[in-house]
Amino acid sequence: MLTVLEAIKLSAQYLDSKGIESARINAELLLASVLKCKRLELYLSFDRPLSAEETSMYREFLRRRSIFEPLQYIIGSVEFYGLNFNVNKSVLIPRPETELMVELILEENKNKSGLKILDIGTGSGNIAVSLAVSSTRFEVKAIDISKGALEVAKQNAIQNKVNDRIDFLLSDIKNYSDDNLKYDIIVSNPPYISVQEFPELQKELKYEPSIALTDEADGLSFYVVICEKARNLLKSGGYLYFEIGQNQDLAVKEIMTSNSFSEIIFRKDYQNINRVIRGIKN
């Protein structure tokens, strides 16, 4: 029978041999998921033997990770903005960079109340739920074209106790209209990987829904569609926030400017890349 420490050592070596980065951390997180404990708690249980059932489950988790299935899909969750989110292959895995957009929205709207927010392409609901948890002053509508994604987002809203303050809707932004409501804020992390770049993505990304990654075009088409829609959906003086890809800053700024958005600013990510853009409707 393997002990916790032996299992970690052997599995870290195995994952490393398969080319998995941070193999030891991956091994520990997978084992913590199997044992239903926190990663650091493993260090208090090094001599604990694994049962046959636990060993079998751990081996399956390791097999999946060894073929580059993302860790978050295997364990079924990820932390985003200090909250826990369920994830599966219906949704894009939330990234730390997207937290910067949530931070900027909260910073710029901290003294306002009764704000109506539209989250386009909500995915796991990470942006919508984080904003609703952070402030009771927000009324959030979250739309997505994927039924599977919306099911995950609804679960996450319930788990984080904000399901009564988010209205989820199955909708394609290309056909979306809301004649009875004008929004104060529109936010989106749209598919922005071009069709040319998509085949070159790292192996883990191939497991994520392509519909959430690429627009099957130049990577900019959703910025055009959303900016055109936002002219009617936003109140005058309303804010539009996007996450953008590397080297897309000037192109997206031009799209926003040509659609009557001004006072455009950027926020850089942890690699000093312009990752978030914000404009105000004239």
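Predicted model: local features only at pLDDT ≥ 70, side-chain atom pairs only at ≥ 80, totals over all residues.

Me: OK, so is Arg 24 buried, partly exposed or exposed?
Reply: Arg 24 comes out at 32% relative accessible area, so that makes it partly exposed.

Me: And which residue does Arg 24 form a salt bridge with?
Reply: Glu 28, with the closest N and O atoms 2.7 Å apart. Both sit in helix α2 (residues 23-35), four residues apart, about one turn of the helix. Glu 28 is buried, at 0% relative accessibility.

Me: What else does Glu 28 form a salt bridge with?
Reply: Arg 39, where the closest N and O atoms are 2.6 Å apart. Glu 28 is in helix α2 while Arg 39 is in the loop between α2 and α3 (52-66), so this pair ties together parts 11 residues apart in sequence. Arg 39 is partly exposed, at 30%.

Me: How many salt bridges does the structure hold?
Reply: 15. One of them links Lys 235 and Asp 184, at 3.2 Å between the closest N and O atoms. Lys 235 lies in strand β7 (residues 234-243) and Asp 184 in strand β6 (residues 183-188), so the pair ties together parts 51 residues apart in sequence. Lys 235 is partly exposed at 34%, whereas Asp 184 is buried at 15%.

Me: Switching topic: where is Ser 77?
Reply: In strand β1 (residues 77-80). Leaving out residues up to four places away in sequence, Ser 77 touches Gln 72, Asn 84, Phe 85, Asn 86 and Val 87.

Note on methods: Residues numbered from 1 in each chain as written. Heavy atoms only, no water. Helix = DSSP H or I, 4+ residues; strand = E, 2+ residues; numbered from the N terminus. Contact = heavy atoms within 4.5 Å. Salt bridge = Lys/Arg side-chain N within 4 Å of Asp/Glu carboxyl O. Buried < 20%, exposed > 50% of the residue type's maximum accessible area, 1.4 Å probe, protein only.
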